[in-house]
Amino acid sequence: MAFVEERTKERMVINMGPQHPSTHGVLRLELELEGEIVRALRPHIGYLHTGMEKTAESKKYIQVIPILDRTDYLSPMINNLGYCLAVEKLLDIEVPPRGQFIRVMLCELNRIASHLVWLGTHAMDIGAVSVFLYCFREREKILDLFEEVCGARMTVSYFRIGGLSDDLPEGFTEKVWTFLREFPARLQEYEDLLTKNPIWLKRTRGIGVISAEDAINLGLTGPSLRACGVKWDLRKANPYSGYENFRFFIPTGTHGDVYDRYLVRLEEMRQSREIVRQAIENLPDGPYNADRPDVVPPPKDQEGKLLAYGRDPEIQGPEDMEALIRHFKIWTEGFRPPKGAVYQAVEAPKGELGYYIVSDGSAKPYRMHIRGPSFVNLQALERMCVGHMVADVVAIIASIDPVMGEVDR
Amino acid sequence: MNPIQARTLEKVAREFPDAILEVEEFRGQVTIRVRKERIREVCRFLRDDPELEYKLLSDLCGVDYWGMGLKPRFGVIYNLYSLKTYQRIFLEVRVEEGEGVPSVTSVFATANFHEREVYDLFGIPFEGHPDLRRILLPEDWEGHPLRKDYPLGYEPPEFSFSFRTFREPGVGQEEG
């Protein structure tokens, strides 16, 4: 007996990852174990570092957008929105209501898609493999909608500085309606599988508890912070892109454990669906791009002919020379925002996603810093995991939902 | 400048009369440049002030002003957010190459990763940081890539194949 006790008190350091199915990418954790109990945890990151911030410094403002699709690859729309809003703040542009509504609609669809991946992988990590298949079925439909709108499923680059790359295709809203109509029943299906499932409850309740004070001190944001009972959502606190026009509420938890994070995200999906519904019902007509010819390229007609600003697109004429020149200038020279630094934060599915852009008055960002929520949230992992079993580490990682593309950038 | 930003500035100016070097306002954002020795105290004051409660260090990042010709060369930007007033305030510290900045990890635990990142990519050491190591790059990496004078594109391709070197030995070698 004494021998066994002596053995379990001995600390053992083991590596989890970087190639581990439940670390959601190339995250490496150095675990210090006492038997099965985690006593210390050190995350090691950087395996996916591609220098996106450095790359952005040698690209024109508009060329940065495709890079950002690849940071948090599960929510490309929201990444693009944050960056576009930051540059628009730098240029002092306001996007017209139609553009804003379309942006909000697609962002919320993207939030649902991102949460579906989280739910599927979270459930699979704990052992409920079938949920993964159901979640991906729904996500597929959202990706189909994205494909319809811009031709890409994940690397969308649909939002542009000053508006959108194109208007919504015909019949798009009906397709979104089809999705919205069937989604609540699907969500109920996942809830039936998990919410009252005794195994699920045992694996998630009281696991990875963090207090609100600790969470704020560690910089935790997004659903993980709201699960601690902090009612803070950037969409409500500092509304951007017309979020003040939508009615929704912020779900919060009470215990700050894995189960509460699960419940908060599930409710967030319902709220996102509600926002998408409002966006479609109240979708205004009119232009979707800001009236800034120096930033927004001229519109095109069906055949790809450039149209003059302010001209009725119904009138078919020869290609407009002014428009051609402006198009050429925007794509070769870009535009030059004034000197200064701006920070714009948006509520990404994982938390606060911010862009800090310093402009030196040239056509390229002098410095672009990405404040990735996954990167910051990862710091809270140690506080959550210490004292729990190794198997719980898997559940806790999944519950803060890190995407390594964003952590390492 | 909105009332809360003005109030913050007023309070900091009263508490630390010698710490403020410059105040900048751009697009509704207020950046206070503070003396680097006082940064930790200013952060602690803003965090603990019952009226303002800047409890969340939302972001911390570095900027290299070398290309803009500014002196001192590096800036470290602290992005503080108040969960009470929903307002942001930016603090900035400027340092020359090789100079250290006091770490704020004792005030905000979240600064740990951020400061490691700034150290890794800019080479700014943080004094009093509990675990100052490279975070994104390998430990044996040379240089700090986000510095503006970091050479670009000098990494040789790992695998290259050229028909010219293959057919005429010695021809392609001077091309590298």
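Predicted model: local features only at pLDDT ≥ 70, side-chain atom pairs only at ≥ 80, totals over all residues.
Trainee: Why does His388(A) count as buried?

Mentor: A residue is buried if 20 or more other C-beta atoms lie within 10 Å of its own. His388(A) has 20 C-beta neighbours inside 10 Å, so His388(A) counts as buried.

Trainee: Where in chain A does His388(A) lie?

Mentor: His388(A) sits in the loop between helix H15 (381-385) and helix H16 (390-400) of chain A.

Trainee: Which residues is His388(A) in contact with, leaving aside its neighbours within four places in sequence?

Mentor: Two residues are in contact if their C-beta atoms lie within 7 Å. Val38(A), Ile207(A), Gly208(A) and Val393(A) are in contact with His388(A) once those neighbours are left aside.

Trainee: What makes helix H5 of chain A largely enclosed by the rest of the structure?

Mentor: The count of buried residues does: 27 of the 30 residues of H5(A) are buried, so H5(A) is largely enclosed by the rest of the structure.

Trainee: How many residues does each domain give to the contact between domain 1 and domain 2 of chain A?

Mentor: Domain 1 covers 2-44 and domain 2 covers 69-295 + 375-408. The contact takes 15 residues from domain 1 of chain A and 18 residues from domain 2 of chain A. On the domain 1 side, strand S3(A) gives the most, with six residues. By class, that side has nine nonpolar, four polar and two charged residues.

Trainee: What does chain B bring to its contact with chain A?

Mentor: Chain B brings 26 residues and chain A 32 residues. S3(B) supplies the largest share of the chain B side, six residues. By class, the chain B side has 17 nonpolar, six polar and three charged residues.

Trainee: How many helices and strands does chain B have?

Mentor: Chain B has four helices and seven strands. From the N terminus on, they run α-β-β-α-β-β-β-β-α-β-α. Of its 176 residues, 38% count as buried.

Terms used. Residues numbered from 1 in each chain as written. Chains lettered and ligands numbered in written order. Helix = DSSP H or I, 4+ residues; strand = E, 2+ residues; numbered from the N terminus. Buried ≥ 20, exposed ≤ 12 C-beta atoms within 10 Å, placed from the backbone. Nonpolar A, V, L, I, M, F, W, Y, C, P; charged D, E, K, R; others polar. Domains from an automatic or database assignment.
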